[in-house]
Amino acid sequence: MIKAVYPGTFDPLTRGHEELVRRAATLFDKLVLAIADSKAKQPFFTLQERLGMAREVLGDLKNVEVTGFSSLLTEFVRKQGARVVLRGLRAVSDFEYEFQLAGMNRNLYPEMETIFLTPSEQHMFISATLVREIAILGGDVSQFVHPLVAKRLKAKKS
């Protein structure tokens, strides 16, 4: 059985994230969407809000578990009994950081492999940061996030 972990802050979960989860769910026996507490990033949504949205949006996927974490990623992956970390790459600019991160993680947990997936063309430009900014400024984010997430963004902004 191959278990993979897809970590991130998912603040908020975008259509790009959702697409990667749905595709990865067909590649792995078990996928853990690991939502980082990430207090240093000062997320717009609390960890509990992000967990709730992800569980609702992805609830139809039987082999996907949504959970939070606040430890080193390598420790979390080890405790999950996983050896694969999934990361999304939207642009070449993402690659440099992700490549460095993968190397550091491999140094900390040599048995762990990092696998990269790219979103489809219609989702390549979507970033959670941009979605938050658009929503905060009153713009329409409905094409970038699940309707539930759009509703929560609108309510949180108010």
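Colleague: Which element gives the largest share of the lining of the largest pocket?

Modeller: That is α4, with seven residues. Keep in mind that this is a predicted model.

Colleague: Which other elements supply at least two residues of that lining?

Modeller: Besides α4 (92–108), they are β1 (3–8), α1 (15–27), β4 (84–88) and α5 (128–136).

Colleague: What volume does the largest pocket have?

Modeller: About 1000 Å³. It is lined by 40 residues, and P7, G8, T9, K41 and R87 are the closest to its centre.

Colleague: How does the lining divide into nonpolar, polar and charged?

Modeller: The lining of the largest pocket has 18 nonpolar, 14 polar and eight charged residues.

Colleague: And the second largest pocket, what is its volume?

Modeller: About 180 Å³. Twelve residues line that one, and those closest to the centre are G139, D140, V141, A150 and K154.

Colleague: Staying with α6, at what angle does it pack with α2?

Modeller: About 155°, and the axes of α6 and α2 (residues 47–58) are 10 Å apart. Angles over 145 degrees count as roughly antiparallel, so α2 and α6 are roughly antiparallel to each other.

Colleague: Which residues meet between the two helices α2 and α6?

Modeller: From α2 there are E49, M53, E56 and V57, and from α6 there are L148, V149, R152 and K156. By class, the contact of α2 with α6 has four nonpolar and four charged residues, and no polar ones.

Colleague: Changing topic. How many salt bridges does the structure hold?

Modeller: Eleven. One of them joins the side chains of E18 and R22, at 3.1 Å from N to O.

Colleague: How far apart are E18 and R22 along helix α1?

Modeller: They are four residues apart in α1, so about one helical turn separates them.

Colleague: Now the backbone. Where is the cis peptide bond with omega of about 5°?

Modeller: Between D11 and P12. P12 sits in the loop between β1 and α1.

Colleague: What is the phi of F10?

Modeller: F10 has a positive phi of about 50°, although it is not a glycine. F10 is placed in the loop between β1 and α1.

Colleague: Why flag those two features at all?

Modeller: Because most residues other than glycine have a negative phi, and most peptide bonds are trans.

How values were computed
Residues numbered from 1 in each chain as written. Predicted model: local features only at pLDDT ≥ 70, side-chain atom pairs only at ≥ 80, totals over all residues. Heavy atoms only, no water. 1 Å grid on protein atoms, 1.4 Å probe; cavity = no way out; pocket = protein on both sides within 12 Å on 5 of 7 lines; lining within 4 Å. Points joined across faces, edges and corners; volume = space filled by probe spheres on them. Nonpolar A, V, L, I, M, F, W, Y, C, P; charged D, E, K, R; others polar. Axes fitted to C-alpha atoms, helices over the stretch in contact; angles between N-to-C directions. Parallel < 35°, antiparallel > 145°, perpendicular 65-115°, else oblique. Contact = heavy atoms within 4.5 Å. Salt bridge = Lys/Arg side-chain N within 4 Å of Asp/Glu carboxyl O.
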